[in-house]
Amino acid sequence: MALFFILLPVYILFCLWLGFRILRKAGLDGRWVVALLVPVLNIIMIWVFAFSRWPGLREDVDQGF
């Protein structure tokens with residue numbers, strides 16, 4: 001059980017770090033990663049980020065809109 005309490009924070013921090021890196025590469029503010037910690041908001045924000053325009057992409061790339 002002690003291993004769980006050690007690995008859970010490591011897993012959460014790893015997921016937040018990955019989300020931060022993805023948001024920064026997309027050209028968005030990395031602080032949006034805090035939305036991953038809020039239970040229903042995290043699912044909504046993943047959809048919002050998936051279907052919004054990413055400022056970090058080049059202008060000649062089709063973003064599907």
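Is Trp-47 buried or exposed? Trp-47 is exposed, with a relative accessible area of 55%; exposed denotes over 50%, buried under 20% and partly exposed the range in between, for a 1.4 Å probe and protein chains only. The legends below describe a predicted model, in which local features need pLDDT of at least 70, side-chain atom pairs count only at pLDDT 80 or more, and totals for chains, interfaces and linings use all residues. Residues are numbered from 1 along each chain as its sequence is written, and side-chain values use heavy atoms, with hydrogens and water left out.

**View 1. Helix α1 and the residue that follows.** Helices are DSSP runs (H or I, at least four residues), and they are numbered from the N terminus. Helix α1 has 24 residues and reaches 36 Å from its first C-alpha to its last. This span is close to the expected 34 Å, where the expected value is 1.5 Å times one less than the number of residues. Leu-16, Gly-19 and Leu-23 are buried in α1, and the buried residues of this helix pack against α2. After α1 comes Gly-27, whose phi is positive, near 90°.

**View 2. The largest pocket.** Rolling a probe the size of a water molecule over the atoms shows where empty space is left. On a 1 Å grid over the protein atoms alone, a pocket is an open set of points where a 1.4 Å probe fits, with protein on both sides within 12 Å along at least five of seven lines; lining residues have an atom within 4 Å of a point. The largest pocket has a volume of about 230 Å³, a volume being the space filled by probe spheres set on the points, which are joined across faces, edges and corners. Gly-19, Ile-22, Leu-23, Ile-46 and Phe-49 are the closest to its centre among the 15 lining residues. The elements that give two or more residues to this lining are α1 (2–25) and α2 (39–51), and α2 gives the most, with five residues. By type, the lining holds 13 nonpolar residues, two polar and no charged. Here Ala, Val, Leu, Ile, Met, Phe, Trp, Tyr, Cys and Pro count as nonpolar, Asp, Glu, Lys and Arg as charged, and the others, Gly among them, as polar.

**View 3. Aromatic pairs.** The structure holds four aromatic pairs. Rings of Phe, Tyr and Trp (its six-membered ring) pair if their centres lie within 6.5 Å; planes under 30 degrees apart count as stacked, over 60 as edge-to-face and the rest as tilted. Trp-32 and Phe-49 form an edge-to-face pair, 5.8 Å centre to centre with 75° between the planes. Because Trp-32 lies in the loop between α1 and α2 and Phe-49 in helix α2, this pair ties together parts that are 17 residues apart in sequence. Trp-32 is partly exposed at 44% relative accessibility, whereas Phe-49 is buried at 15%. The rings of Trp-47 and Phe-51 are stacked, because their centres are 5.3 Å apart and their planes at 20°. Both residues lie in helix α2, four residues apart, about one turn of the helix.

View 4. Contact means heavy atoms within 4.5 Å. Leaving aside neighbours within four places in sequence, Phe-49 is in contact with Leu-23, Leu-28, Trp-32 and Trp-54. Ala-35 lies in the loop between α1 and α2 and is buried, with a relative accessible area of 9%. Not counting residues up to four places away in sequence, Ala-35 touches Leu-41, Asn-42 and Met-45.
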